[in-house]
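Welcome! Please take a look at the sequence and the 3D structure below, and then we will walk through them together.

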Protein chains: 2
Amino acid sequence: MSARKAELTREAARLFAERGYHGTSMDALAQALGVQKGSLYSLTGSKQELLYATMRDGADAFHAALDAVPEDAPAVERVRLALRGHLRVVSEQIDVATVFTREWRYLDGEHREEILAERRRYEERWRALFSEGLEKGGLRTDLDVAAAALLVLSAANWAYTWLTPDRDTDELADRFTAILVDGIRGYATPR
Amino acid sequence: MSARKAELTREAARLFAERGYHGTSMDALAQALGVQKGSLYSLTGSKQELLYATMRDGADAFHAALDAVPEDAPAVERVRLALRGHLRVVSEQIDVATVFTREWRYLDGEHREEILAERRRYEERWRALFSEGLEKGGLRTDLDVAAAALLVLSAANWAYTWLTPDRDTDELADRFTAILVDGIRGYATPR
């Protein structure tokens, strides 16, 4: 992607995140970018193309964050690092994360299929974190893998609605993980 | 609210959930409802009024679900029942829940302030479930109340994106609670 296209995509992501895809007109995009509407079409194709480019950036960023989780770390540690990675993407690329998480439904055709497949693959990789942990040990043997993955990924996905740039996402991920790992129940005596 | 207004609000919620607030025109609403556009304005005021009515329904339903959680139940049980209540609202009123969770940002003026205050109050009531549990006992004494409430409520909020009418929400809430209560870590020996 050219630097200019990347800049246009970044600005489009900001507007889509702020106003929603349907709330953002090509007129508004052209105005925000300081270009003629005609030039915007020739530079970027269409509003759908800009939405797709944003979604592609989001998919790449979230997958790259999971790629960085070491295969051979203990299961609980892998969950912690995966959550750190996800929250860091949300914090550092809040517009892209917001659009990826909320506006995918407005994609059409093949691009929609492609991005839905990326989202499913990301969810499957999260489930694998838990199922591999079960196999290798480190997680409770009666763990409900599907529910655990859904719980963590739901919390991670929802973060785009409340995460602010001043939050230390690593510390936050560690706080979530601490709850997930040992639970909320208090015990008078050891189990 | 009259039966007719309630019906119009329900249909508006369905369209807002499907296409987003900005993606739903008064023309589309009038067509879906089989009324003239002019009649729609006189019946419902404006698209903003319909959005507000939907948001009001959502706020009322989520608060009513929390009202039903017994004050004197053990802390862990209260969390379980609160989660059951939330997921039931999402499942039974998926359109209203979707709009309440996702489209509030398009409300203007006083209605926006009112609904944001309802959302904050709902979050505070969730935090109170955990902080009261800490005071009365039943939760681990080092529990991070803010992180626990954020984790559970995030998962609950995100449910509008994946919950389907065929899911048994009580069973699902219980599965989430089981993970939250005792955590995911496996132990070779008792703690």
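## A few ground rules

Two residues are in contact if their C-beta atoms, placed from the backbone, lie within 7 Å. This is a predicted model, in which local features need pLDDT of at least 70 and side-chain atom pairs count only at pLDDT 80 or more, while totals for chains, interfaces and linings use all residues. Residues are numbered from 1 along each chain as its sequence is written, and chains are lettered from A, with ligands numbered from 1, in the order in which they are written.

## Chain A at a glance

Let us begin with chain A, which has nine helices and zero strands. Helices (H or I, at least four residues) and strands (E, at least two) are DSSP runs, numbered from the N terminus. Read from that end, the order of elements is α-α-α-α-α-α-α-α-α. Along the principal axes, the C-alpha atoms of chain A fill a box of roughly 70 × 35 × 25 Å.

Chain A has 191 residues, and 40% of them count as buried. A residue is buried if 20 or more other C-beta atoms lie within 10 Å of its own, exposed if 12 or fewer, and partly exposed in between, with C-beta atoms placed from the backbone. Among the contacts in chain A between residues at least 6 apart in sequence, 70% join residues at least 24 apart.

## Two helices that cross

Helix α1 (residues 3-19) and helix α4 (residues 47-67) of chain A have axes that come within 9 Å and cross at roughly 95°. The axes are lines fitted to C-alpha atoms, for helices over the stretch in contact, and angles run from 0 to 180 degrees between N-to-C directions. α1(A) and α4(A) are therefore roughly perpendicular to each other; angles under 35 degrees count as roughly parallel, over 145 as roughly antiparallel, 65 to 115 as roughly perpendicular and the rest as oblique. On the α1(A) side the contact is made by A:T9, A:A12, A:A13 and A:F16, and on the α4(A) side by A:L50, A:L51, A:A53, A:T54 and A:D57. By class, this contact has six nonpolar, two polar and one charged residues. Here Ala, Val, Leu, Ile, Met, Phe, Trp, Tyr, Cys and Pro count as nonpolar, Asp, Glu, Lys and Arg as charged, and the others, Gly among them, as polar.

Helix α1 of chain A also holds A:K5. With 15 C-beta neighbours inside 10 Å, A:K5 counts as partly exposed. Leaving aside neighbours within four places in sequence, A:K5 is in contact with A:L43 and A:T44. The C-alpha atoms of A:K5 and A:T44 are separated by 6.8 Å, although these residues are 39 apart along the chain.

## Where the two chains meet

Now for the partner: the contact between the chains takes 32 residues from chain A and 32 residues from chain B. On the side of chain A that touches chain B, the elements that give two or more residues are α8 (145-158) and α9 (169-182). The residues of that side divide into 15 nonpolar, 10 polar and seven charged.

How is chain A superposed on chain B? A rotation of 180° with 0.0 Å of shift along its axis does it, with an RMSD of 0.0 Å. That is the relation of a two-fold axis, with copies superposed by least squares on the C-alpha atoms of residues with pLDDT of at least 70 in both. The same surface serves both copies, as 100% of the contact residues of chain A recur in chain B. Of the residues of chain A, A:G183 comes closest to the rotation axis, with its C-alpha at 2.0 Å.

## A residue at the meeting place, and the core

A:I184 is found in the segment after α9 of chain A. Is A:I184 buried or exposed? It is buried, with 26 other C-beta atoms within 10 Å. Not counting residues up to four places away in sequence, A:I184 touches A:I179 and, in chain B, B:L139, B:R140, B:L143, B:A148, B:L180 and B:V181.

The largest nonpolar core has 106 residues, of which A:A148, A:L151, A:V152, B:A148, B:L151 and B:V152 touch the most other members. Such a core is a set of buried Ala, Val, Leu, Ile, Met, Phe, Trp, Tyr and Cys residues joined through C-beta atoms within 7 Å. Again not counting residues up to four places away in sequence, A:V152 touches A:V79, A:L83, A:W126 and A:L180.
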